[in-house]
Amino acid sequence: MHKTIGVLAHVDAGKTTFSEQLLFHTKSIQARGRVDHQDTFLDNHELERQRGITIFAEQGRMTIGNDTYTLIDTPGHVDFSPEMERAIRVMDYAIIVISAVEGLQGHTETVWHLLRQYHIPTFFFINKIDREGAAVGNVMAQLQKDCSKDVLLVNEMFHSDYIPSNIMEWLAERDDNLLDAFLNETLDSGSCFAQLQAMIKQEKAFLCFTGSALKDIGIKEFLAQLPLLTETHFNAAAPFKGEVFKIRHDGHQRLTFIKALQGTLHIRDEFSFGDVTEKVTEIRLYNGHRYEAVQEVTAGEIFAVKGLSLANIGAILGSSSNPQPYELVPTLQAKVQYKGDQHIKEVLKIFRILEAEEPSLRVIWHEKFQEIQVHIMGVIQLEVLIEVLNKRFSLAISFGEPQILYMETIASTVTGYGHFEPLKHYAEVHLLMEPSARGTGITFVNACHTDDLSVGHQRLIEKHLFEREHHGLLTGFPVTDIRFTLLTGRAHIKYTDGGDFREATFRALRQGLEQAENILLEPYYRFKLKASTDFIGRIMTDIQQASGTFDPPIVSEEDVMITGRAPVATFMSYSTTFAAYTNGKGVLSLQFDGYDVCHNTEEIITQIGYNKNADPEYTSASIFCAKGKGYSVPWYEAQAAMHCIK
């Protein structure tokens, strides 16, 4: 049976040390490494060992009985959380490691919510119980209050024919059949294990274990119980289907990491990407940086292949469905600053390689300014990028000050008109543009009749709407949350080329924006603050000064919890301030909560200084033709000149 287990935690909770112990006790590695000794097995990248943090999600392989486990050690720092999220999508089970001293921390809650979002059955391991200040009871109370009332502490080991009586009683309370057997003293361990496995799988039970990874306390006991509590079922007979979750490069060769969801994959199997077909030339099973080349892999396994250069992260091989969007997205962008000898286009190629490995970078090229910008999660990520570019590509790169990623939308319904008719070209597009709910992005509806435009031309218009992000009028940042409906259009039987509809579509979009009421949006955090009641006044004042809002505080005898929303721009650095005045005893949890109306629109518009009439990629004017010569019609006169209206 193949099982993929992920290990997740807030930074410094002991996650990597815990993973080292699991691999050591299953004889996957010969010696246990330590983060402070810079010799851990899974943190095998030089940058990780220097910084003492996990940056890249790496996997090890271990065997327990008849089961083969892939163990994924994930980053614990928020700047590298997109890497963690991609790993979560291929996990069968997860283990959240929590420090018995620090308890539930900000990133722990982010991890918990992501695991619930993706419905990954979860265990807890309270680590560092040997440390001064360890308080298992307090941590358990936190887990049951802030995560789930169904978190259950395991104080006694399971065996294949034995379940502790308190666990049996806990199960019986939640199932009538088990309760009858329990009261009649006929409840057997087999029935309990079956029920417990089912409840764990259904996210109705979250077992919590305790120990010390550094001192090797509780590790062997946890490992012994893992096969009893986990099970997976994959269909190896079905056609192959697999999810791409990681891309790396071995020298100049690309490695595509995949989780097999069903079926069997063989060397020389082929996949089609549009009109291009690629063949799997090698299959590798990785254990840290070491690997074994194999001829085939079956459902449930994690592996890497060579030969696929067009499979992007998130893609489902063997399926025509679109990739599911990720929850964690960057809210900052930074400009690349390079003064070396290489041409900037060569530097851009290198950033494209990094973008394939880390899609959240969203590398943007501005042709007019010969400028590269990247999306980032935080300044630590920028520091790591600088080191990666230097050591891996011998590039001396710096970055400008990170800026907030804004977006734009509309508040009114309009119809945009676009016409493109220079000599021997022709296309016209009419688009209804309506504001959509926050977070829906760009959506498309086709209401055009085939008598007006062929199906092929209609699809071209849809393709052009989604082929790139489109600049808004206020700041030039992308537009979002707009529902486009293709109303009608026109082509010429002789002169229309595919690119003509691209021009007409972009002009229609822009002409519609000129008519609409435009709104600037900024990213928001959903926050949770916990601190002593002494600080309640300070916290509420700070939130209000940060243009945030909050729910009624929940006050207990000793502490207060406040939840709410605040702009990323005003709250992104608040954790340092909060830690200072609470002496590090407060807990701050921040989660990206989508985009909403900017709190200081005019200030940002002035600061950015975008000139909508000087954008080299967009114009709201239409081009018409008369007497063999094209001429421009400004947006406010375009509707009257359209051919489809006459």
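Start with pairing: two strands count as paired if DSSP finds at least two bridges between them. Helices (H or I, at least four residues) and strands (E, at least two) are DSSP runs, numbered from the N terminus. What you see is a predicted model, where local features need pLDDT of at least 70, side-chain atom pairs count only at pLDDT 80 or more, and totals for chains, interfaces and linings use all residues. Residues are numbered from 1 along each chain as its sequence is written, and side-chain values use heavy atoms, with hydrogens and water left out.

First, β2 and β3. The two strands run antiparallel and are joined by seven bridges. Glutamate 58 has aspartate 73 in β3 as its bridge partner. Together β2 and β3 make a hairpin with two residues between them, and glycine 65 in the turn has a positive phi of about 60°.

For burial, I use relative accessible area: buried is under 20%, exposed is over 50%, and partly exposed is in between (1.4 Å probe, protein chains only). Six of the seven residues of β2 are buried, so β2 is largely enclosed by the rest of the structure.

Next, helix α1, residues 15-25. What lies over them? Just after α1, lysine 27 has a positive phi of about 65°.

Now salt bridges. The criterion is a side-chain nitrogen of Lys or Arg within 4 Å of a carboxyl oxygen of Asp or Glu. How many does the structure hold? The count is 36 salt bridges.

One is lysine 3 with aspartate 67, where the closest N and O atoms are 3.0 Å apart. Lysine 3 is in strand β1 (residues 2-9) and aspartate 67 is in strand β3 (residues 67-73), so this pair ties together parts that are 64 residues apart in sequence. Lysine 3 and aspartate 67 are both buried.

Another joins glutamate 301 and arginine 61, at 3.7 Å from N to O. This pair also links distant parts of the chain: glutamate 301 sits in the loop between β15 (296-298) and β16 (302-306), arginine 61 sits in strand β2 (residues 58-64), and they are 240 residues apart. Both glutamate 301 and arginine 61 are buried.

As a reminder, an α-helix has 3.6 residues a turn, so residues three or four places apart point the same way. Arginine 538 counts as partly exposed at 38% relative accessibility, while aspartate 542 counts as buried at 12%. Elsewhere, salt bridges that share partners join Arg438, Arg526, Asp551, Arg565, Asp593 and Asp596 into one network.

Back to sheets. There is an open sheet of six strands in the order β14-β13-β16-β9-β8-β17, with antiparallel pairing. β14 (290-294) and β17 (316-317) stand at the edges with a single partner strand each, so one side of each is left without a neighbour in the sheet. Within this sheet, nine bridges join β8 to β9 (residues 253-262), and the two run antiparallel. Lysine 241 stands opposite glutamine 262 in β9.

Strand β27 (residues 482-491) pairs in both directions. With strand β25 (residues 427-435) it runs antiparallel, joined by nine bridges, and valine 429 stands opposite glycine 489. With strand β26 (residues 442-446), β27 runs parallel, joined by five bridges, and isoleucine 442 stands opposite isoleucine 482.

A cavity is a set of points on a 1 Å grid over the protein atoms alone where a 1.4 Å probe fits but cannot get out, and lining residues have an atom within 4 Å of a point. Searching the whole structure gives one cavity of 30 Å³ or more. The largest cavity holds about 50 Å³ of space, the volume being the space filled by probe spheres set on the points, which are joined across faces, edges and corners. Elements giving two or more residues to its lining are α3 (81-88) and β8 (241-250). Lining residues include Glu83, Arg86, Phe245 and Lys246.

Terms used. On a 1 Å grid over the protein atoms alone, a cavity is a set of points where a 1.4 Å probe fits but cannot get out, and a pocket is an open set with protein on both sides within 12 Å along at least five of seven lines; lining residues have an atom within 4 Å of a point.
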